[in-house]
Amino acid sequence: MRAPRWTIGRREAVWGFVFISPWVLGFVVFSLGPTVAIIAWGFTEYDILQAPKFAGLENYVEIFTDDEKFLKSLANTAIYVGLLVPCQVVIGFLLAVLVNTKLPLASIFRAFYFLPTIMPLVVASIVWAWVLQPELGLLKFLLEDTMGIPTPRFMVDEYWSKPGIVILTVWSSIGVQMILFLAALQAVPPHLYEAAEIDGAGPLRKMLHVTIPLVSPTIFLVIIIGIINSFQVFTTAFVLTQGGPLDSTLFYVLYLWRKAFVSFEFGYASALATILFFIIMCLTALSFWVSRRLVHYEQPES
Amino acid sequence: MIATLLWLGLVVFGGRAIGDQPTPLGVTSGELLWTIVIAANWILDISGLAWLASPRIPRWGGPRLQRRLASAIRYQLMIGISVLALIPIFWMVSTSLKTLPETYEVEPYLLLPREPQWGNYPFLFTFERFNVLQLFKNTSLMTVFNLVANVGIAAFVGYGFARLRFPGRNLLFLLVLSSLMVPFIVRIIPLFVLFSGNTYILQDQLGQVFSWTIFFESRSWAQNTYLPLVVPEFFGAAGSSALYIFIMRQYFLTIPHELIEAGRVDGASEFAIWRRIVLPQATPAMVAVAILSLQGSWGAFIEPLIFLRKVDLHTLSIWLSSFRSVQGESVIQWQYGMAGGVLVTLPVFILFLLFQRYFIAGISLSGIKG
């Protein structure tokens with residue numbers, strides 16, 4: 001029995017803490033702790049077999065002054081994110097508009113577009129490695145052999161390797177963006193369209209002045225998730241190109257992974273990880289700041 | 001209509017005409033492609049026209065013909081895009097049934113195998129380097145553990161955040177969501193150190209506080225185990241745990257407060273309320289979390305890659321990724337890679353077909369993946 005002097009509110013609060021306690025423990029041990037450890041190890045030299053040796057800013061000095069691969073991988077990642085996220089937003093939105101209909105069979109098409117998303121990413125990568133294969137791939141056959149369109153050599157050309165990975169990622173993730181936009185489109189109240197029609201708005205104006213403002217929170221969501229996820233791209237590059245040709249797909253996390261788990265320079269890798277964390281935080285903060293000006297949030301009624 | 005025109009234009013202006021390569025169906029590959037594309041379009045166009053002309057369909061608000069034309073175009077686009085979405089999957093299945101020489105044939109280019117090699121699939125289980133059955137077992141075990149952990153912990157913690165008032169709740173929940181920003185590599189490196197069996201380093205640093213780590217070290221059982229892949233999930237601290245908690249919380253918020261109050265009036269403890277009253281109502285959300293978790297761990301790649309450094313502990317994903325590089329042979333055995341891909345994809349596809357609704361509800365609630 002609980003002690004009677006406990007008020008109902010107090011009792012509820014205690015139970016509240018009981019319910020969230022597993023998460024608190026996990027957060028401290030597996031999220032907060034590691035973050036602190038990573039930041040601390042960033043200032044050390046650490047090869048995991050011996051205790052870390054304090055090295056001051058040595059890692060950071062080396063990263064910023066004497067590490068071409070750092071700059072290269074950062075630039076690669078930035079280009080990749082810059083190519084991928086707009087594609088995801090635009091294609092995802094257009095797809096959602098396309099399937100946002102009550103026509104018969106539309107749900108089957110939705111399921112079709114979602115199938116690639118269900119596929120494990122490693123499988124998708126292997127399949128696309130085969131489809132994009134420069135001599136034997138299906139893409140080359142469909143474009144070049146049957147129609148005479150010159151096909152870029154996606155996996156071996158320095159300039160086409162990143163677009164190749166972008167195509168694969170769009171294919172395998174577009175279902176998620178489609179579903180998100182679809183939910184947003186279906187939440188737009190129909191009376192707004194009716195009002196716009198009475199004002200003489202055509203389909204384009206309805207799209208620009210009704211749909212897009214009301215869907216803008218989802219656009220923002222897709223952009224933020226896109227940035228956070230694609231900045232950490234690893235699997236696709238690891239399977240498809242292993243960083244190659246000429247380091248053109250050496251993305252940041254791939255480089256970090258090599259430093260940590262291939263050459264076991266944990267101090268250096270920790271410094272790199274700290275920088276990555278910092279970049280992602282800044283980009284997220286920036287997106288939130290921009291969104292305050294651009295995103296329209298519907299005022300809840302009553 | 002559109003697709004036919006597009007295809008025609010590309011062929012006419014594209015220079016080289018569609019190939020004269022034979023296919024197993026007796027016609028050339030070009031003719032086959034042509035026939036499929038054009039037949040599909042004809043069927044569509046005719047049925048579209050029939051539909052346009054049919055008088056039985058009720059009038060809609062606007063000009064009728066325009067509306068119907070619009071939906072005909074919509075169908076065309078939807079079909080065209082479906083082809084793009086499904087072609088790689090078709091190619092995977094088709095390649096998985098070819099022989100090795102067939103995968104390397106360019107003249108003629110084989111869209112379908114001459115004779116389906118069903119034997120490719122059983123052959124996968126006879127590899128020497130990888131015991132595929134063991135890999136299936138490993139992956140399933142990990143998936144099941146993670147599923148139980150994720151559903152249980154998300155339902156438990158999510159209820160705390162949704163329905164119990166305590167000071168600092170909103171701030172803490174913000175912390176849950178902000179943990180999504182932590183890059184996975186930041187979590188993995190310390191986890192690797194912790195579980196690598198070299199924990200005496202931690203001991204050196206922290207004095208005797210963590211003397212229990214001697215246990216880890218002496219037995220070294222933490223190295224090369226599934227622990228780092230499973231333990232964080234049981235504390236809601238894995239990569240996507242925050243999203244699962246979020247999904248459950250959002251769902252619990254829709255459960256009427258009166259039910260919980262009624263439980264309290266009856267003198268049930270909060271735990272009993274959660275277990276008896278709230279949980280039975282939350283099945284849809286729990287199924288959604290279960291499916292997302294299942295799909296996530298089934299295809300997990302980087303964590304197994306880092307933590308499991310012995311071949312017999314590997315998961316299916318790691319096995320598949322090894323097909324990309326030549327496996328001691330002179331050529332890549334694409335047909336086995338694709339057959340493996342089919343095997344690994346099949347369970348999640350079936351699951352998707354069975355639980356499509358929950359899948360989509362889960363994703364639109366949380367916006368995860370991708």
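Let me start with two helices of chain A, α3 (residues 68-99) and α9 (residues 203-230), which pack at an angle of about 145 degrees with their axes 10 Å apart; helices here are DSSP runs of H or I of at least four residues, numbered from the N terminus, and the axes are lines fitted to C-alpha atoms over the stretch in contact, with angles running from 0 to 180 degrees between N-to-C directions. This is a predicted model, in which local features need pLDDT of at least 70 and side-chain atom pairs count only at pLDDT 80 or more, while totals for chains, interfaces and linings use all residues. Residues are numbered from 1 along each chain as its sequence is written, and chains are lettered from A and ligands numbered from 1 in the order in which they are written.

Where the two helices meet, α3(A) brings residues including A:Y80, A:L84 and A:G92, and α9(A) brings, among them, A:I219, A:G226 and A:S230, contact meaning that C-beta atoms, placed from the backbone, lie within 7 Å. By class, that contact has nine nonpolar, four polar and no charged residues, where Ala, Val, Leu, Ile, Met, Phe, Trp, Tyr, Cys and Pro count as nonpolar, Asp, Glu, Lys and Arg as charged, and the others, Gly among them, as polar.

Turning to the two chains, 90 residues of chain B are in contact with 81 residues of chain A, and the side of chain B that touches chain A has 57 nonpolar, 24 polar and nine charged residues.

Within chain B, an automatic or database assignment gives domain 1 (2-117) and domain 2 (132-366). Eight residues of domain 1 of chain B are in contact with seven of domain 2 of chain B, and α3(B) gives the most to the domain 1 side, with four residues.
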